[in-house]
Amino acid sequence: MKRAVAAAGLCALLLGGCAPMAPQPGADTATELRWAQRREALANVLGFALSGRVAESGGRSAALRWRQFADARFTLQLSGPFGAGQVAIEGDPGGVWVRTKDGSQYTDDPRAWMRANLGWWLPLDDLRAWALGLPAPGAIEQLALDADGRLATLQQHGWTVRYDGYQRVGSLELPRKLEAQTESVRLRLVVDSWTAVDLAKRS
């Protein structure tokens, strides 16, 4: 098992233009350098597409197709025995259209809709960053890296996120398995394939 290196108390990281990370007392300098290089590379990811599976602690699971755009819009397609058959969610974290076999509706509270209709919910505000292996913007309670400078565990915004594997996608290493949980929700995401990664053009 690779050694995890604690790096708690980091400043908020944005996908575009991450702030420099101050060295932590006792931390492995080489590991922190790898992490800084990873953050710089991932900051160039404008959008992505992936297919995989998501499961919750009650044992229900669904196939997932996710397309994330540079302007924060996204589309999520869930299919399988997840309580509502096939579900398509399209919009941004502030408001989405939800399409099911029963029709379409708009909601500006996707979390409440998911709770009421699916029995679980996704942290849409943060999931884009977490799926790439980055902290989301905002305060970080705790962060740990593995020996290769990759995010191993993260505590942020009431969630604990653990990364169980990465995969090579072009020049990047992106998460293959991650688990996110709060006191009431536990979700596991397995990425079978990153089908597209949109990178900023270098000047």
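## Side-chain contacts and a pocket

Glu179 is buried, with a relative accessible area of 13%. That value falls under the 20% cut-off, so Glu179 counts as buried. The model described here is predicted.

Glu179 has a charged partner. Arg162 forms a salt bridge with Glu179, and their closest N and O atoms are 3.4 Å apart. This pair links distant parts of the chain: Arg162 is in strand β10 (residues 159-169) and Glu179 is in strand β11 (residues 172-181). The two residues are 17 residues apart. Arg162 has 36% relative accessibility, so Arg162 counts as partly exposed.

**Other salt bridges**

Side chains of opposite charge can pair when their charged atoms come close. How many salt bridges does the structure hold? The count is 13. Three of them, including the pair above, are set out here.

| Salt bridge | Closest N and O atoms |
|---|---|
| Arg67 and Asp198 | 3.1 Å |
| Arg162 and Glu179 | 3.4 Å |
| Lys101 and Asp102 | 3.7 Å |

Take Arg67 and Asp198, whose salt bridge has its closest N and O atoms 3.1 Å apart. The pair links distant parts of the chain, 131 residues apart. Arg67 belongs to strand β3, and Asp198 to strand β12 (residues 186-199). Arg67 is partly exposed, with a relative accessible area of 24%. Asp198 is also partly exposed, at 30%.

Now take Lys101 and Asp102, joined by a salt bridge. Are these two residues buried or exposed? Lys101 is exposed, and so is Asp102.

Some charged residues form a network. Arg162 and Glu179 link strands β10 and β11. Elsewhere, salt bridges with shared partners join Arg38, Asp146, Asp148, Arg150 and Glu173 into one network.

**Aromatic rings**

The count of aromatic pairs comes to five. One of them is Phe48 with Trp66, whose ring centres are 5.0 Å apart. Why is this pair edge-to-face? The planes of the two rings meet at 70°, so the pair is edge-to-face. The cut-off for that class is over 60 degrees.

Phe48 lies in strand β2 (residues 45-56), and Trp66 lies in strand β3 (residues 61-68). The pair therefore ties together parts that are 18 residues apart in sequence. Phe48 is buried, with a relative accessible area of 0%. Trp66 counts as buried too, at 5% relative accessibility.

The charged end of Arg73 sits over the ring of Phe69. That charged end is 4.5 Å from the ring centre.

**The second largest pocket**

Rolling a probe the size of a water molecule over the atoms shows where empty space is left. The second largest pocket holds about 190 Å³ of space. Its lining includes Pro93, Pro110, Arg111, Trp121, Leu122 and Pro123. Leu124, Asp125, Asp126, His157 and Trp159 also line this pocket.

Which elements give two or more residues to the lining of the second largest pocket? They are α2 (110-118) and α3 (124-132). Helix α3 gives the most, with three residues. By class, the lining has seven nonpolar, one polar and three charged residues.

Conventions: Residues numbered from 1 in each chain as written. Predicted model: local features only at pLDDT ≥ 70, side-chain atom pairs only at ≥ 80, totals over all residues. Heavy atoms only, no water. Phe/Tyr/Trp six-rings, centres within 6.5 Å; stacked < 30°, edge-to-face > 60°. Helix = DSSP H or I, 4+ residues; strand = E, 2+ residues; numbered from the N terminus. Buried < 20%, exposed > 50% of the residue type's maximum accessible area, 1.4 Å probe, protein only. Lys NZ or Arg CZ within 6 Å of the ring centre and 35° of its normal. Salt bridge = Lys/Arg side-chain N within 4 Å of Asp/Glu carboxyl O. 1 Å grid on protein atoms, 1.4 Å probe; cavity = no way out; pocket = protein on both sides within 12 Å on 5 of 7 lines; lining within 4 Å. Points joined across faces, edges and corners; volume = space filled by probe spheres on them. Nonpolar A, V, L, I, M, F, W, Y, C, P; charged D, E, K, R; others polar.
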